[in-house]
2 protein chains.
Amino acid sequence: MTSIQEEEVKLFGVVPSPFVTRVDIALNLKGVQYKFVEENLGNFSDTLIKYNPVHKKVPVLVHNEKPISESCVILEYIDETWKQNPILPSDPYQRALARFWSNFIDDKFLSAVRKWKVNNEESIEEMEVAFQFLENELNDKFFGGEEIGIVDITAVFIAYWFPIIQEIIGLKLFTNEKFPKLYKWSQDFTNHQAVKEKLPSRETLFAYFRARLETLVVPK
Amino acid sequence: MTSIQEEEVKLFGVVPSPFVTRVDIALNLKGVQYKFVEENLGNFSDTLIKYNPVHKKVPVLVHNEKPISESCVILEYIDETWKQNPILPSDPYQRALARFWSNFIDDKFLSAVRKWKVNNEESIEEMEVAFQFLENELNDKFFGGEEIGIVDITAVFIAYWFPIIQEIIGLKLFTNEKFPKLYKWSQDFTNHQAVKEKLPSRETLFAYFRARLETLVVPK
């Protein structure tokens, strides 16, 4: 097994991004030592652009000078490179289901959230449906079973970002009454040691999203 | 090794879908015997909805009664279940790059194509950029090297569907002059035995896309 000490692992990211936090959590779960290189949102460094010329965005993981982009691709790479505390199941069918639900969160959930500004009602309906699918799918402590897996990590946005955003915009969608299993999961997940250590502060996220909402809401 | 004969593999699909054809090609490359269950586009069977209640779409692969949805998830499942003729590289970094480019095709390329109706010029520019990235990335006979890999399979839309669609709409974007490496690849790929056997006929696709364009173009 490769010694972790000999390796150079860098994560290029910005603090308020749930996509970056996915990678933070996975590396932390694996016990991989890495350096967080903070980028400036909206003004990425030349190094970042060199590492991710196609999408020009974070997160980028650089392992021994080799860059990898896209959070879900990075999560699979981390699981294949550092075998301890697996985040994907070993059985091919269970792996397929885990990948399916990770994709679901990115495709259905985040697209509904992004649509919120454009078509409020439609996006809330879509989010409600998405929440219900996840509520039905959750049958253990975590989506990964007794331990955190790739679906939990992908869903960090739902556990931590969404409650903050819904508070700012005054929405009562993700509540204990409506989605009790998922709500309990969000508590367990955000209180897990490896996760808690890597979440940005609530204050940081409140400030970030309040500022963004204002620029969108106030007419020029 | 599990005997292929004892297994039941069914693929639920529709003929004109490049997402379904991805799965057809992968199964054919692996030499897996399967039954193609043809669905009616726009009026899916109850069985299909039962197998894919979340997205209600094809392709769905059913392996010994266990359903798997989403073409890229299915491709990974196929590669993990039937080891012969691997479509993903064995090295984790090369696997990450293959997944990155597969995602690129779905995210950047197909979204640009879908945007075509709404913003013609912008989508053509985006497609041109996407073509150029792929042209630069192609350094062997196939994206997978000397053999077909997951990126080639994901890109079947570009090799076979795109030339037909651009002919119908009178576009000259994907040509030998502009993208010589990618153009040669499209010939080699579509002439590969395992691919050729699974492509829908040109006539079928012409009829399908002509009909769709007419309903969109002719005002009611």
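Which residue of chain B forms a salt bridge with R99(A), and how far apart are the closest N and O atoms? The partner is E80(B), with those atoms 3.2 Å apart; a salt bridge here is a side-chain nitrogen of Lys or Arg within 4 Å of a carboxyl oxygen of Asp or Glu.

This is a predicted model, where local features need pLDDT of at least 70, side-chain atom pairs count only at pLDDT 80 or more, and totals for chains, interfaces and linings use all residues. Residues are numbered from 1 along each chain as its sequence is written, chains are lettered from A in the order written, and side-chain values use heavy atoms, leaving out hydrogens and water.

Here's the chain B–chain A interface in brief:

| Item | Value |
|---|---|
| Contact residues, chain B (heavy atoms within 4.5 Å) | 26 residues |
| Contact residues, chain A | 26 residues |
| Salt bridges | six salt bridges |

The area buried between the two chains (accessible area, 1.4 Å probe, lost on putting them together, summed over both) is about 2,400 Å², and carbon and sulfur atoms give 67% of that. On the chain B side, V54(B), Y93(B) and F100(B) supply 26% of the area buried against chain A, more than any other three residues.
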